[in-house]
Amino acid sequence: MESYAAKKKVVQAVIHVILICASITMIVPFAWMLLTAFKTISESTSVNPFIIFPSSWNLANFKSVWKSYNFFYLYKNTLLMIFFRVVCAVLTATMAGYAFGRLKFPGKNFLFSLVLIQMMVPGQIFIIPQYIMVSNLHGLNTIFGLVFPGMVTAFGTFLLKTGYQGLPKDLEEAAGIDGCNIGQKFLLIMAPLTRSAMVSLGIFTAVFAFKDLMWPMIVASNASSTTLSAGLAKMQGQFSNNYPELMAAALMACLPMIVLYLIFQKQFIEGIATSGGKL
């Protein structure tokens with residue numbers, strides 16, 4: 001027993017060391033970004049390994065970035081894109097998931113196979129047809145153009161379909177006996193029971209929308225209509241970079257998701273635990 005207890009302690013110690021090393025690996029880039037944001041150009045490009053902290057903690061880089069790249073529009077466009085993508089994705093996926101998971105209609109299996117096929121192919125395949133559609137709808141350099149690809153989500157449809165299939169049939173049968181039609185069964189009985197799946201989909205949609213780079217750079221070429229990710233990409237020069245300003249801009253770009261996480265921390269944890277996925 002003593003040898004078993006000793007082995008268990010050794011294994012736990014090794015696991016803790018591995019987890020601590022992994023945590024440090026993830027924290028170091030963020031800490032380096034934070035420190036570089038307050039440095040001068042000479043300090044950020046110095047080869048001296050002992051220059052870790054800036055000589056003076058000033059906000060010059062943040063002020064320069066805010067004035068030069070108009071972060072107010074970047075924040076507004078990004079938050080609006082995230083909000084409308086989450087609303088549209090949850091709404092459409094909830095209805096489609098209920099139809100595929102609980103209803104019977106002709107061509108159901110064929111239509112759902114099309115949804116699965118969309119999940120299997122790379123998203124870049126749809127960029128050209130989506131761009132043509134947005135252009136014909138006069139949606140370039142608008143919030144609608146940024147939101148358009150995320151209005152319908154195949155992943156969300158699959159996730160909600162799985163959630164609805166896991167609910168007992170007795171609920172719908174009891175609602176039908178009480179005189180509820182399909183719409184009332186969906187809105188009053190079934191939809192509230194899939195709230196955890198909706199939260200999971202909202203979390204994934206928000207994170208993916210925040211990280212989306214290619215589509216905003218294609219559909220929003222104007223500086224006043226682009227998002228944070230595309231704005232950061234456009235700040236990089238071809239031959240030289242102002243690393244302190246880039247790090248200050250990156251730190252400012254992280255603030256919306258940090259604030260959202262602090263506000264919805266409980267929902268984030270519950271959504272990830274329920275879906276069994278990772279970001």
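Student: Helices (H or I, at least four residues) and strands (E, at least two) are DSSP runs, numbered from the N terminus. Which loop is Asn141 found in?

Tutor: Asn141 is in the loop between H6 and H7. Before going on: this is a predicted model, where local features need pLDDT of at least 70 and side-chain atom pairs count only at pLDDT 80 or more, while totals for chains, interfaces and linings use all residues. Residues are numbered from 1 along each chain as its sequence is written, and side-chain values use heavy atoms, with hydrogens and water left out.

Student: Ok. What is the phi of Asn141 near?

Tutor: Phi of Asn141 is near 60°, a positive value in a residue other than glycine. Most residues other than glycine have a negative phi. Asn141 counts as partly exposed, at 25% relative accessibility. The cut-offs for that are under 20% relative accessible area for buried, over 50% for exposed, and partly exposed in between (1.4 Å probe, protein chains only).

Student: Which other residue has a positive phi although it is not a glycine?

Tutor: Asn70 is one of them, with a phi of about 50°. The loop between H3 and H4 holds Asn70, which is partly exposed at 35% relative accessibility. Just after H6, His138 takes a positive phi of about 55°.

Student: Back to H6, then. Which residues of H6 are buried?

Tutor: H6 covers residues 127–136, and Ile127, Gln130 and Val134 are buried there. Seen down the axis of H6, these buried residues fall within an arc of 70°, so they line one face of the helix. The arc is that of the directions from the helix axis to the C-beta atoms.

Student: Why would residues three or four places apart point the same way?

Tutor: Because an α-helix has 3.6 residues a turn.

Student: And what is exposed on the other side of H6?

Tutor: Ile128 and Asn136 are exposed there. The buried residues of H6 pack against helix H7 (143–147) and H12, where contact means heavy atoms within 4.5 Å.

Student: What about H13, which residues are buried there?

Tutor: In H13 (residues 228–235), the buried residues include Leu228, Ser229, Ala230, Gly231 and Met235. They pack against helix H3 (60–69), H4, H11, H12 and helix H14 (243–263).

Student: New topic. How many salt bridges does the count come to?

Tutor: The count is 2, taking a salt bridge as a side-chain nitrogen of Lys or Arg within 4 Å of a carboxyl oxygen of Asp or Glu. Arg85 and Asp212 meet in a salt bridge at 3.3 Å, N to O. Arg85 lies in helix H4 (residues 71–102) and Asp212 in the loop between helix H11 (195–211) and helix H12 (214–219), so the pair ties together parts that are 127 residues apart in sequence.

Student: Is Arg85 buried or exposed?

Tutor: Arg85 counts as buried, at 7% relative accessibility. Asp212 is buried as well, with a relative accessible area of 19%.

Student: Which residue does Arg102 form a salt bridge with?

Tutor: Glu172, and the closest N and O atoms are 2.9 Å apart. Arg102 is in helix H4 and Glu172 in helix H9 (residues 169–177), 70 residues apart. Arg102 and Glu172 are both buried.

Student: How many disulfides does a search of the whole structure find?

Tutor: The search finds 0, a disulfide being a pair of cysteine sulfur atoms within 2.5 Å. Cys180 is partly exposed at 24% relative accessibility, and Cys254 is partly exposed at 25%.

Student: Rings next. How many aromatic pairs does the count come to?

Tutor: There are 16 aromatic pairs. Rings of Phe, Tyr and Trp (its six-membered ring) pair if their centres lie within 6.5 Å; planes under 30 degrees apart count as stacked, over 60 as edge-to-face and the rest as tilted. Phe72 and Tyr73 form an edge-to-face pair, 5.7 Å centre to centre with 75° between the planes. Tyr164 and Phe186 form a tilted pair, at 6.5 Å and 45°. That pair links helix H8 (residues 154–165), which holds Tyr164, to helix H10 (residues 182–193), which holds Phe186.

Student: Which residues do ring pairs link into a cluster?

Tutor: Phe100, Phe105, Phe112 and Phe158. Lys161 lies over the face of Phe112, at 4.6 Å from the ring centre. A charge sits over a ring if NZ of Lys or CZ of Arg is within 6 Å of the ring centre and within 35 degrees of the ring normal.

Student: And which ring does the charged end of Lys39 sit over?

Tutor: The ring of Trp32, 4.7 Å from its centre.
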